[in-house]
Structure formats: structure tokens, C-alpha cells
Amino acid sequence: MSVSKLFTPVKIGPVELRNRTIRAAAFESMCKANSPTQELEDYHVSVAEGGIGMTTIAYAAVTRNGLSFEKQLWMRPEVVDRLKIITDKIHQAGAKASIQLGHCGNMSHKSVAGELPVSASNGFNLYSPTFVRKLREDEIEQIASAFGEAVRLARKAGFDAVEIHAGHGYLISQFLSPYTNKRKDKFGGTLENRMRFMRMVMHEVMQAAGDDMAVLVKTNMRDGFKGGIEIDEAIEIAKELERLGAHALVLSGGFVSRAPMYVMHGAMPLKAMTYYMNVWWLKLGVKLGGRFVIRPVKFREAYFLEDAKKFRKELKIPLVYVGGLVDREKIDEVFDAGFECVAMARALVHMPDFVNRMKNDGLKRCGCRHSNYCIARMYTLDMKCHECVENLPKKLIREIEKLQNE
């Protein structure tokens with residue numbers, strides 16, 4: 001094995017990171033009233049102080065109707081000053097600050113989005129569950145413009161980079177995937193047409209980013225189910241993003257409304273998920289049908305790596321590997337395969353100073369064992385490791401231990 005690149009600087013577009021680690025844009029659920037909180041600040045500052053090269057505030061909606069959750073950030077002028085406090089503190093800790101911008105499309109409810117959820121096509125989203133309305137062409141143009149405005153707000157808030165969410169079955173992904181895009185107009189049918197909305201968004205984003213902000217894009221390598229995007233189309237999408245000027249791609253996979261566990265692998269601890277739910281009918285629905293809708297996907301370390309290597313062969317653009325990294329040896333294997341950066345989420349929920357402990361203490365492995373408890377409670381409370389929670393009920397402890405041992 002060659003000398004590790006892990007702690008060497010790297011440039012993503014105009015932005016240089018002190019090392020090649022990124023806190024992945026995993027939803028924190030820490031934005032009460034869709035606004036930044038002290039909790040959000042404390043977490044990202046702890047990760048910055050823990051040695052990360054860049055930390056990413058996750059899943060900020062570019063419009064009100066792009067919100068999935070009540071505790072999700074909504075990018076608007078009113079939150080800029082509070083975000084600037086957070087980015088200033090991240091910078092003081094030596095890290096760069098990024099924010100993920102997206103639109104949930106059909107992954108919402110009228111009570112959160114303020115209207116019937118929208119998507120590429122009419123339909124019904126069983127995962128939410130809700131009916132979904134097809135976007136008009138003028139609305140598509142407005143949402144693309146909203147991405148550009150969100151980038152301008154991110155600059156005012158002190159962010160060094162933005163990550164555009166074009167994966168996981170959210171709105172851009174809903175246009176890209178034949179599973180959700182049944183349109184007969186210029187936005188549907190061929191891959192060329194299905195990429196049209198993505199191109200519109202990237203045009204607005206790159207103009208707004210100018211020459212001083214880095215633009216990353218999270219994109220799927222597979223949707224994770226039959227009838228969705230597979231690697232051949234995903235590579236063409238990645239090549240188009242490269243052509244459109246993106247500075248780096250974050251290679252991921254999965255479709256929240258159809259193959260949610262393909263995103264993170266492992267099993268969802270349904271007892272923990274329902275324990276924290278406060279909507280009785282949703283709790284009942286998950287108890288009765290959760291194991292059929294949220295199907296497990298066997299976890300293995302670096303579970304996306306073999307697919308990601310295929311993209312590395314086809315692209316010149318810097319690539320960020322994400323997916324199941326907890327082990328230093330596996331991290332170095334990713335760099336040896338030609339990737340510029342590694343992104344981690346659950347490992348840094350478990351151990352915010354994982355990077356410093358690898359660098360200063362020679363730590364070889366994070367203690368996260370991917371029970372996905374942090375994900376299960378995220379939908380109602382916040383993203384937090386079970387080891388940081390006092391007085392967990394015994395039934396939840398038993399569920400966590402069972403999943404960790406599988």
C-alpha cells in the first residue's frame with residue numbers, strides 16, 4: 001500500500017481542504033421551525049474541532065414546498081445571519097463549511113410543504129404516504145432559479161461550498177429516474193430529456209457560485225431496484241455533471257421512496273423508529289408494514305466501492321467516496337483506488353473527533369457498528385448515536401444489540 005493521502009490537502013474547485021475528509025450530508029434533524037439551532041451549531045463545530053476537512057450541513061430545502069420535515073433547514077434570507085455564526089466557528093476550528101441544497105419533491109406532506117407535494121409526474125408516494133402533483137413547466141423554472149438563489153444565500157452565510165442533491169429519489173432524482181418520471185413532454189422519456197431539469201439547476205447554481213465557491217453534486221450510481229436508474233445511465237448523468245462544470249461528485253445510491261436502506265445499508269431498527277413517533281397512525285403503519293416497505297440491505301464496509309470504481313475509470317472530475325467507512329485500512333483502500341476525498345456520516349455521529357483520533361492517536365477503527373439507531377430517531381427527534389442517549393429502554397437496547405451482531 002502506498003503512503004496514505006488521508007491527511008494531505010486537496011482542492012475542490014477554488015476551495016482547499018486541510019485534509020481529504022468530509023462530513024457527509026446526512027440529515028441532522030436539528031432545525032426547529034426550519035431554522036438553525038444551537039444544537040446544529042454544536043454538532044458541526046464539534047466535527048470541525050475533531051479534525052474534519054469540511055463539514056456539510058445537510059438537506060437544506062431551496063423552497064417551502066421542498067421541505068420533507070418540520071426540523072429541516074429551509075434556505076431563506078431570515079436564516080443567513082444565524083448560519084454565518086455557525087460557518088465562522090467552523091472556520092475558526094480550521095475546517096471548511098459546505099451546505100447541501102435540495103428539493104424533496106414527492107417526499108413530503110401538505111402540512112410540511114404547505115401544499116400537495118410535487119414531483120416530475122402525478123402519482124402516489126406510499127412511503128410518505130401522499131398523493132403527488134406533476135410540476136408545470138413554469139414551476140420547474142422557478143425551482144431551478146430557487147437553487148441559484150439558495151447558493152447566493154449560502155455565500156452570504158459564509159459557506160465555502162455547496163452540495164447539490166441530485167440523488168436518493170428527491171426531486172432532481174425524480175426527474176432523472178424512469179420510475180418517477182412518466183412525462184411525455186421535453187422533461188420526460190429519453191435520458192437526455194430526463195436530465196433537462198438537472199441541467200437547468202446546474203446552470204443557475206454555477207452562475208451563482210461564481211469563481212470562489214466549490215460546487216459538489218451528490219448523484220446516484222444506482223437507484224437500487226429494478227426499473228430505476230442503473231450504472232450505464234448513471235455514468236452518463238455523471239459525465240453530464242462533469243461537462244456542466246461541477247467541481248466534484250459525491251457517488252451514492254438508493255431511492256428513499258422505493259429502496260431506502262440501499263442508501264445506508266443494514267436494517268432499520270423499527271422498534272426504535274416507532275418508539276419516538278408521535279403520530280399515532282404513522283406509528284401504527286410502520287409497526288404493521290415497516291418491514292415490507294423498509295427492507296434491509298446487507299451491510300458491508302465500503303459497500304459502494306466496487307460500483308464507484310467504475311465511475312473513477314470514466315471520469316476526470318474529483319470524486320468523493322461515501323458509504324460504510326469506519327476503518328482506516330478501508331479508507332486508505334479508497335484513496336489507493338483513485339478517489340480524492342472520503343465522506344463519512346454515521347462514524348462522525350458516533351465519534352465526532354474520529355479524524356483527529358486517527359491522526360493523533362493512530363486509531364484504526366471507529367466504534368460505530370451500524371445499528372442505524374441514529375437514523376431511526378432522526379425522523380422524529382435528531383440524529384444521535386445510542387451511546388450518547390441515557391436511559392434507553394431495554395427493548396431498544398436489545399434491538400440494537402441484535403442488529404449489531406447480524
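This is a conversation about a predicted model of one protein chain.

Student: What should I know about the model before we start?
Tutor: The model is predicted, so local features need pLDDT of at least 70 and side-chain atom pairs pLDDT 80 or more, while totals for chains, interfaces and linings use all residues. Residues are numbered from 1 along each chain as its sequence is written, and side-chain values use heavy atoms, with hydrogens and water left out.

Student: How many helices and strands are in the protein chain?
Tutor: The protein chain has 17 helices and 13 strands; these are DSSP runs, with helices (H or I) of at least four residues and strands (E) of at least two, numbered from the N terminus.

Student: Where is S29 found?
Tutor: S29 is in the loop between β3 (21-23) and α1 (38-49).

Student: Is S29 buried or exposed?
Tutor: S29 counts as buried because its relative accessibility is 2%. Buried means under 20% relative accessible area, exposed over 50%, and partly exposed in between, with a 1.4 Å probe and protein chains only.

Student: And which residues does S29 touch?
Tutor: Leaving out residues up to four places away in sequence, S29 touches K71, M378, L381 and D382; contact means heavy atoms within 4.5 Å. The S29 side chain also reaches the backbone oxygen of M378 at 3.0 Å and that of L381 at 2.9 Å.

Student: Changing topic, where is V293?
Tutor: V293 lies in helix α11 (residues 280-293). V293 counts as partly exposed, because its relative accessibility is 33%.

Student: What share of the residues counts as buried?
Tutor: Of the 406 residues of the protein chain, 62% count as buried.

Definitions and conventions:
A polar contact is a pair of N or O atoms within 3.5 Å; within protein, one must be able to donate a hydrogen and the other to accept it, and residues adjacent in sequence count only if both atoms are side-chain atoms.
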